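Visitor: I am new to this structure and would like to learn how to read it. Could you walk me through a few features?

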Amino acid sequence: MTSKEESEEALTRKWIKEAGTEYPGDTFQIAILKKLSEVQEKKNVYQPVISPLGWKLILVYVACLVGISIFSNPNQPNNLAFLEKLPPLKLPRFQLNLPELAFGWPDFSPQFSMGIMVFFGLGFVIILINLKSKQTSL
Amino acid sequence: MRFLEDQHYIKLSQKGDMQAFAMLVQKHQRVVYTLAVRMLKNPEEAQEAAQDTFVKVYQSLSGFEGKSKFTTWMYRIVYNECLSRIRKNKNHFAQLEEMVDTKEEPSDFQDGLELMHREERAEMVKKGIESLPPNEAVVLTLFYLEDQSVKEIATIAGMTESNVKVSLHRGRKHLAIVLQKLFNKELIGLS
C-alpha cells in the first residue's frame, strides 16, 4: 500500500468514525419488548393442525374404506365375498311407490384396496411427522 | 452509560431475564440501527428491520453457543434481515445504485473537507455513505466504524475475503466520488 493510499484510508476511517452511529429513537426498546410479548402470546395459543371434527371425519372415512375392502372382496378369485356369504335378510316389505333407484356397490380389486390402505397409511405418517415438527418449532 | 460484557447479559437473557435483554438491546441498538439505515436507506424500514433483528436475536439466543463473537452473530442477523427486505424492493435499489457514477475519478478534495467544521463534515459523510450501494455501505461501516476484520465481515455478509476486499476498495472509491460531489455542491451553495 502506497503512502497516498494509506493516508486516504486513514482519512476515510477518521471521517466514518466522526459520522458515528444513528440513534433509533426513544421508543425503540419499548417497540422490541412489545413485539416480543406479541410473539410470546402467539406461541401460547395452541392451534391444532387438524380439528377434532376433521380427525373424526378422517377416521370414519378410513373405517369405511377398510370395511368395504375387507367385506366386499373374496380372499380367492373363485370364492364368494363375505358380504355375499351372508344369508339374505327377510325384512318386511314396505309398500312405497318410490322411483326405482339402483345403487351400485363399489367393487374394488384387492390391489386397489391395498393401494388405498397404503396411501392413507402413508398420509397418516406424513401428518404425524408434520405435527411433530410443528410442535418442536413452537 | 457503562455496560458489562455481552456474555453477562446473554447468560441472564437465556434464563428469561428481560431486563438483561433490554440492556443488551440498549448496548447495541445504535450500531444495529446504523447498519440497517445504511443498507435500507429508509429510517422507518430500518427501525422495523432493527427491531425484527433483536426479536430474532432473542428467539435464537438459546441456540447461541458463543463459538463466534456475539456481535458477528448479531450483525449477520441484521445483514440477512436487511438483505431480504432489499430483495423485496429490488427496483428501488436498482435506481439508487445509478447515483454512484463509477466513471468519475475523485480529485484532491480531502484538504477542503478537512477544513470544514466537524459536525458539517460528519453530516456530509453520513449522506455520502447513504448514497452508496447497500453492500459497500455496510462493509465500510463494519470495517471502519466497528473495526471488524475482513474475515469477520466475510462471515457476516456470507462473502469470500477477497470479495470483501473488493467491496472495501470500491466503497472507498465511491465514497470519495460522492463526497466530492457533495463538497462541490456545498462550495457553490447548492445544499
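**Reading loops, helices and a core**

Guide: Gladly! Let us start with accessibility: B:D147 has a relative accessible area of 46%, so this residue counts as partly exposed. Keep in mind that this is a predicted model.

Visitor: Where does B:D147 lie?

Guide: B:D147 sits in the loop between α8 (134-145) and α9 (150-157) of chain B. Its backbone has a positive phi of about 55 degrees although B:D147 is not a glycine.

Visitor: And B:K41, is that residue buried or exposed?

Guide: Buried means under 20% relative accessible area. B:K41 has 17% relative accessibility and therefore counts as buried. B:K41 lies in the loop between α2 and α3 of chain B, and has a positive phi of about 60 degrees without being a glycine.

Visitor: How do the axes of α3 and α4 of chain B cross?

Guide: The axes of α3 (residues 43-60) and α4 (residues 70-88) of chain B come within 9 Å and cross at roughly 130 degrees. That angle is why α3(B) is oblique to α4(B). Residues making the contact include B:F54 and B:V57 of α3(B), and B:F70 and B:W73 of α4(B). The contact residues divide into 9 nonpolar, 2 polar and 6 charged.

Visitor: Which residues touch the most other members of the largest nonpolar core?

Guide: That core has 65 residues, and among those touching the most other members are A:I16, B:F54, B:V57 and B:F70. Helix α2 (residues 18-40) of chain B gives the largest share of this core, 12 residues. As for B:F70, its contacts beyond four places in sequence include B:I10, B:L24 and B:V57.

Key. Residues are numbered from 1 along each chain as its sequence is written. Chains are lettered from A and ligands numbered from 1 in the order in which they are written. This is a predicted model: local features need pLDDT of at least 70, side-chain atom pairs count only at pLDDT 80 or more; totals for chains, interfaces and linings use all residues. Side-chain values use heavy atoms; hydrogens and water are left out. Axes are lines fitted to C-alpha atoms, for helices over the stretch in contact, and angles run from 0 to 180 degrees between N-to-C directions. Helices (H or I, at least four residues) and strands (E, at least two) are DSSP runs, numbered from the N terminus. Angles under 35 degrees count as roughly parallel, over 145 as roughly antiparallel, 65 to 115 as roughly perpendicular and the rest as oblique. Contact means heavy atoms within 4.5 Å. Ala, Val, Leu, Ile, Met, Phe, Trp, Tyr, Cys and Pro count as nonpolar, Asp, Glu, Lys and Arg as charged, and the others, Gly among them, as polar. A nonpolar core is a set of buried Ala, Val, Leu, Ile, Met, Phe, Trp, Tyr and Cys residues joined through side-chain atoms within 4.5 Å. Buried means under 20% relative accessible area, exposed over 50%, partly exposed in between (1.4 Å probe, protein chains only).
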